[in-house]
Amino acid sequence: MSEGQAAQSIELVVDPWSEATHELERDRDAHPGFADVRNQLGMIYLEDSRPQDALREFQAALAKNPAYSLAKFHYLVAKRIHEGVLEAEEWDAENIIQQVDEPQASLWTSWYLSQSGDVRGSVEVLDRLARTEPRFAAVAHYHRAIRSISLGDPTAVESALGQVSECHPVYRRILAERGWTGSQAGRSIASWTRALLGEWSDPQTWCPSTSPVFEVLGTRCAREGALEQARGFYEDAFLRDGAESLHQLRISRLALANGDEDEAVQALRRAIEVDPTSVEARIALGWEYQSQGYHDEALVQFEVAARLQPGYPDVQYNLGLLYEAHGRARDARTCYERALETNGKYFQARASLAQLLIGSGDFEGALGALRPLERQGIRSADLLVQKAEAHMALGELEAAIRELERAVELNPNYPRTYYILGQAYRKQGWKRKAQEAWKQHLERTRSWREQQPHLEEGEWRP
Amino acid sequence: MQQTIDSQIQARVRLLLARKWVDLKSLTIGTTNGTVYLGGGLKLTGGKNGEGRGGRTWLTRLRQEICAIPDVNDVVFQFHQIEEEND
């Protein structure tokens, strides 16, 4: 192997634990007052067997936000692991589980009961969750399997995993890939621990709420191109939280990164099937459809996303773009205006609104829409060309030419500037200058072959 | 029709960024008349000599890749928040 090849191989090695930890530490140092960053960092310390560091971060998170239930729970977990302390008064006084929904409420309660020695109570809580909320049955049985590992009961582990496999196909597939084949009497507890928890987790102190750590690790690997390693971490996250819609979203991004758009679409459809309210999945699927030419299907996804989250400016803006593509200018205008109502600095919505107003003949309106963009420091040749178009339509030719000359200065390669400049010169009666500008336009535009025969009815030719 | 082209460009830019694992939640993306606008917060992840995600070299490469999308005429970056990591 040459020196160059060796160096390349070294660069490809991904240590997601240390990279993710360093990234979060830098986030914490940059934003020491962000409770969620401290909580995330605490979680990764906790999973990386650094309970003392974890405890410090959870305390800091709670100092910033005393009502942060996830940080409260993690604080108790870290204290239990680091100091061996678990006080009933603290758990009761914190009233943590009343602040969270299922399945977290049952999973956390089960953890507390198991740590306080009430093993039967711990398992009963999980059984009750599986019975009363069938959509959480798989995650409840999975956590029961982990509790059984900590009790050293391989028969109970096998029984719990059998139930997990019966009630959820994704769990069944992941467990099969990790060595679960249905009936495995005689398999040791150590072997189950390795298969289900990996090398790093201790079933005695296993925390039920750290799936975000594995998502962070997966994304870290994926960014570096280690897609299979990423998939493994994403599966760890899913096994812990059972949130299939989120899992399918992650899988869709892996598929996209791998160039497999069909798998991405399949995963996104599944994400919506299991959680029809997932705005994120609908937006992602909408763009997939749009890029593949299924414009009507894309529009449907964005319309549903906008109904689910009408105050989300990103959804409104993108729906506006699709309405424009469908020739529905009035609906598009409403969307752009809604996006700007929620986020007045959404400059893309302002630029699209201005262009739409020009197209509908409201030139004063367009200039009004464009005015705040300069104050925001948005510099683009297209925005100057839009202003020029509006001025020209209002008969303000000198102002139009001034804006166009600024556009040329800002980006001499933007083809539309020259096209509009040609029109402005023609209106001034400067035929030669107009022809020169149109020639410049053709030289810069990629579609010059198609445009050449028709441009300004051939008037561009000297 | 320019509006159809713009929505098509928008979809391709989104997919390009998703493939690069850019956090789309903190970004705003727009397309008008073939000009692509990227704004919002871009989180950087280090790398030497600006080669890491969000570094100068990385951004230049991103600009080139967006420009290579059919019918893109211009790319404008206007990030209000760039969080930089130091190696």
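How many salt bridges does the rule find across the interface of domain 2 of chain A and domain 3 of chain A? The rule finds 2 salt bridges there. The legends below describe this interface in a predicted model.

**View 1. The domains of chain A.** The domain assignment divides chain A into domain 1 (3-197), domain 2 (310-374) and domain 3 (379-462). Where domain 2 of chain A meets domain 3 of chain A, 10 residues of domain 2 and 11 residues of domain 3 take part in the contact.

**View 2. The area buried between domain 2 and domain 3 of chain A.** The size of an interface is often expressed as the accessible area that is lost when the parts come together. Between domain 2 of chain A and domain 3 of chain A, about 940 Å² is buried, and carbon and sulfur atoms give 67% of this area. On the side of domain 2 of chain A, the most area is lost by Phe363(A), Leu367(A) and Glu374(A), which together account for 47% of what that side buries.

**View 3. Salt bridges and polar contacts.** Glu374(A) also forms a salt bridge with Arg406(A) through their side chains, with a distance of 3.4 Å from N to O. Between domain 2 and domain 3 of chain A, 4 residue pairs are in polar contact.

**View 4. The helices on the side of domain 2 of chain A.** α21 (347-359) and α22 (363-375) of chain A each contribute at least two residues to the side of domain 2 that touches domain 3. The largest share, 6 residues, belongs to α22(A). By residue class, this side of domain 2 of chain A consists of 7 nonpolar, 1 polar and 2 charged residues.

Key
Residues are numbered from 1 along each chain as its sequence is written. Chains are lettered from A and ligands numbered from 1 in the order in which they are written. This is a predicted model: local features need pLDDT of at least 70, side-chain atom pairs count only at pLDDT 80 or more; totals for chains, interfaces and linings use all residues. Side-chain values use heavy atoms; hydrogens and water are left out. Domain bounds come from an automatic or database domain assignment. Contact means heavy atoms within 4.5 Å. Buried area is the accessible area (1.4 Å probe) that two parts lose on being put together, summed over both. A salt bridge is a side-chain nitrogen of Lys or Arg within 4 Å of a carboxyl oxygen of Asp or Glu. A polar contact is a pair of N or O atoms within 3.5 Å; within protein, one must be able to donate a hydrogen and the other to accept it, and residues adjacent in sequence count only if both atoms are side-chain atoms. Helices (H or I, at least four residues) and strands (E, at least two) are DSSP runs, numbered from the N terminus. Ala, Val, Leu, Ile, Met, Phe, Trp, Tyr, Cys and Pro count as nonpolar, Asp, Glu, Lys and Arg as charged, and the others, Gly among them, as polar.
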